[in-house]
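Biologist: Let us go through this structure by question and answer. Please show it before we start.

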Amino acid sequence: MMRHLLVLATMLGASALFLLGWSHSTQKANSQPETMPLVPMMQQLLTDMQQADRGLYTENYDMIKEAGGNISNHPTMTPEDKQLVKSTLGDEMKQFVEYDMIVHHHADSMRIAAIQENMQKVLQHYAIVQRGCVDCHTAFRTPISSARQDSKQSK
Ligand code: HEC
């Protein structure tokens with residue numbers, strides 16, 4: 001029984017680490033992992049997607065490369081927001097992390113496809129990133145937004 005609990009705790013810890021930006025901080029080992037509140041971070045992601053979009057239609061691979069890099073290295077949530085998301089989602093946190101991983105992974109693949117100047121591949125990964133954004137919103141945006149409103153009111 002204890003052993004199972006230990007395994008479970010380790011697994012939970014590992015998924016929490018991902019959201020903390022562990023994967024990025026190891027990638028860019030010299031820089032501090034940045035944190036940002038969730039809403040401005042999302043607005044930045046929108047700007048990045050718009051840049052990728054513009055790059056797609058004007059065949060500007062540099063723009064796509066930069067946008068893909070910015071999306072896959074996006075700052076992580078502030079500790080307060082992380083706590084809000086965790087306590088709102090409970091067990092569904094796993095799915096939330098999953099969507100986040102899809103976005104990170106395919107934004108990076110989009111960046112690599114842009115370096116290769118392969119528009120078909122860029123488009124494939126762009127579509128998967130876009131679906132990751134929208135899937136997470138469909139599943140979680142309303143509850144998290146409401147929880148944020150509630151926490152403001154109670155202050
Ligand atoms: C893992 C989940 C998740 C992923 C992936 C995700 N989002 Fe979000 N997004 C959210 C949540 C949750 C909110 C609502 C935050 C709130 O209102 O507190 C949100 C809100 C937004 C908003 C509205 C911000 C505002 O002004 O209220 C935009 C724009 C946005 N996301 C863009 C994006 C884009 C673009 C991507 C993909 C590149 C993306 N998001 C990926 C969870 C996600």
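Modeller: One definition to begin with: the expected span of a helix is 1.5 Å times one less than its number of residues. Keep in mind that this is a predicted model.

Biologist: What span is expected for helix α3, residues 38–58?

Modeller: Helix α3 has 21 residues. From its first C-alpha to its last it reaches 30 Å. That is close to the span expected at 1.5 Å a residue, which is 30 Å.

Biologist: Which residues of α3 are buried?

Modeller: A residue counts as buried if 20 or more other C-beta atoms lie within 10 Å of its own. In α3 the buried residues are Asp48, Ala52 and Gly55.

Biologist: Why do the buried residues of α3 line one face of the helix?

Modeller: An α-helix has 3.6 residues a turn, so residues three or four places apart point the same way. Look down the axis of α3: its buried residues line one face because they fall within an arc of 60°.

Biologist: What covers the buried residues of α3?

Modeller: The exposed residues are on the other side of α3, among them Val39, Gln43 and Tyr57. As for the buried residues, their cover includes α4 (61–72), α6 (93–115) and α7 (119–153).

Biologist: Which residue follows α3, and what is its phi?

Modeller: The residue after α3 is glutamate 59. Its phi is positive, near 55°.

Definitions and conventions
Residues numbered from 1 in each chain as written. Predicted model: local features only at pLDDT ≥ 70, side-chain atom pairs only at ≥ 80, totals over all residues. Helix = DSSP H or I, 4+ residues; strand = E, 2+ residues; numbered from the N terminus. Buried ≥ 20, exposed ≤ 12 C-beta atoms within 10 Å, placed from the backbone. Arc of directions from axis to C-beta. Contact = placed C-beta atoms within 7 Å.
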